[in-house]
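Hi everyone, thanks for making time this morning.

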Amino acid sequence: MSSIALRRSRASRAVATGLLLALPAVAVDAQQAPFDAALQAEIDRRTTAITDKVTAWRHDIHQNPELGYQEKRTPALVAAHLRSLGMEVQENVGGIPGVVGILKGGKPGPTVALRADMDALPVTELVDVPFKSTVRTVYNGVETGVMHACGHDLHTAMLMGTAEVLAGLKAKLPGTVKFLFQPAEEVPPRGGAQPMIDAGVMNGVDGVFGLHVGPGPLGAMSYRGGSISASADTWKIIVRGKQGHGAFPATAVDPIVVSAEIVSALQTIVSRSLDLTAGPAVVTVGAIHGGLRENIIPDSVWMIGTIRTFDPKARETVAQRMKTLAQNIAEAHGATAQVDVVQGYGSTINNTAMVSKFSQTLKRVGTKAGVFENKSGSMAGEDFSRFAEKAPGFFFNLSVTPTNVDLFGVASNHSPLFQADDKALPVGVRAMSTLAVEFLTSGGIPRIP
């Protein structure tokens, strides 16, 4: 293999992990869920039969995206579909646009929950597809487009398809399946998971599965035991100076200059204040705003951003250092800085027994693109972590990059150029359906010796 081909092969395998972007490792031996060839064949047949329908749902949801806590059309579409399958359906769960469908099998057994998120992002889509979003909104005072730039349109469509597959197997299911369609995953620090949990959706749940799409070789899946995503905290800094004429800066206190120093100083927290052997960390400034015109020094500047960590001590250190740096820099210039850090989503922790058992299921139903175990977690945040705190969880990734897109430089989630191939949809439906069936037929999570 040439050096170029070798590098491409390694990069493809790294990107195959979707959001995780880590090289695969050798999986350990594990207790396997029982395999029923006839039942698997029926799952495959039902998945194939509804693939066109799932694709149509995905296109419809993608073309009509809704921001977190503003979901109306999507939850209505989901609820109508679940009712058509004969399920018990709950809407506006937790006082938000959450939807829960309950499928009771023909035999007694455990309860498994399957989760999908429904919200989009304030991003103007730049991918030219027939179902491109043209929705516009005003977000944080700025006009912008709305786009499913994180793939939640696929998540919702795939779980709707999974619901139809499993509803067709109702008589053969020993237990109950809860379908959790969650709004506002992209709205930390609280997000949509917690209000639904507070409303009782996880009561009696013995295990919960979820997936996330991301860039990588089409159809590849990846997983990891333990922490699979970082904690996600939000922060805001308001720098207050003294407004004045831009031609006479000595008569003012310029919050823009102060803010520029604060932005630079924040980047030293990770590199100089943390023990990175305990886990990676990220401090990002996501937005900054101050001033109205070229010759006025404004009175104040605000900036907002995110903190991602795996280590609880690092999480605390970052918040403390942010306050110390911002306040002292502002004071040195005669300004003030108000710093607010709000803890959001915790790290998503995959139950090791769940992963050990059901990763074998993923390997069996995976495509030729492969199923990989990751050595490290992702800096992305996920409020699936809330569900996994209430029941043993297994969260995995599905790669969705079209085959005609070069994996070198492929656009990530949250990019206006993010794109996903519809061919990934039946892969997700088949995986989630099989995981649910094998969880129920095996009696749930395995006991740890």
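**Charged pairs, cores and overall form**

Let's start with a network: salt bridges link Glu42, Arg45, Arg46 and Lys172. By salt bridge I mean a side-chain nitrogen of Lys or Arg within 4 Å of a carboxyl oxygen of Asp or Glu. A quick word on ground rules: this is a predicted model, in which local features need pLDDT of at least 70, side-chain atom pairs count only at pLDDT 80 or more, and totals for chains, interfaces and linings use all residues. Residues are numbered from 1 along each chain as its sequence is written, and side-chain values use heavy atoms, with hydrogens and water left out.

How many salt bridges does the structure hold? There are 17.

In one of them, the side chain of Arg58 meets that of Asp422 at 2.8 Å, N to O. The helices here (H or I, at least four residues) and strands (E, at least two) are DSSP runs, numbered from the N terminus. Both Arg58 and Asp422 are buried, where buried is under 20% relative accessible area, exposed is over 50%, and partly exposed is in between (1.4 Å probe, protein chains only).

Next, Glu382 and Arg115 form a salt bridge through their side chains, at 3.0 Å, N to O. Glu382 sits in the loop between strand E18 (378–381) and helix H9 (384–390), and Arg115 in strand E4 (residues 107–117), so this pair ties together parts 267 residues apart in sequence. Are these two buried or exposed? Glu382 is buried, with a relative accessible area of 3%, and Arg115 counts as buried at 2%.

Then there is Arg293 with Glu294, whose side chains meet in a salt bridge at 3.5 Å, N to O. Here Arg293 is partly exposed, at 46% relative accessibility, and Glu294 is exposed, at 68%.

On to the nonpolar cores, meaning sets of buried Ala, Val, Leu, Ile, Met, Phe, Trp, Tyr and Cys residues joined through side-chain atoms within 4.5 Å. The largest has 65 residues, and Leu114, Leu166, Phe179, Phe181, Phe209 and Phe396 have the most contacts inside it. Helix H10 gives the most to this core, with 10 residues. Another core lies apart from it, with 25 residues, including Val239, Val283, Met303 and Ala314.

Stepping back, the chain's secondary structure comes to 10 helices and 19 strands. Its radius of gyration is 23 Å, close to the 22 Å from the globule rule for 449 residues, so the chain is as compact as a globular protein of that length. That radius is taken over C-alpha atoms, and the rule is 2.2 Å times the number of residues to the power 0.38. Of the 449 residues, 54% are buried.

Finally, confidence: pLDDT, the predictor's confidence in each residue from 0 to 100, averages 92 over the chain, and 92% of the residues score at least 70. Over residues 1–30, though, pLDDT is below 50, and this stretch has 71 contacts beyond near neighbours in sequence in the model, a contact being heavy atoms within 4.5 Å. Where pLDDT is low, the predicted coordinates should not be read in detail.

Thanks, all!
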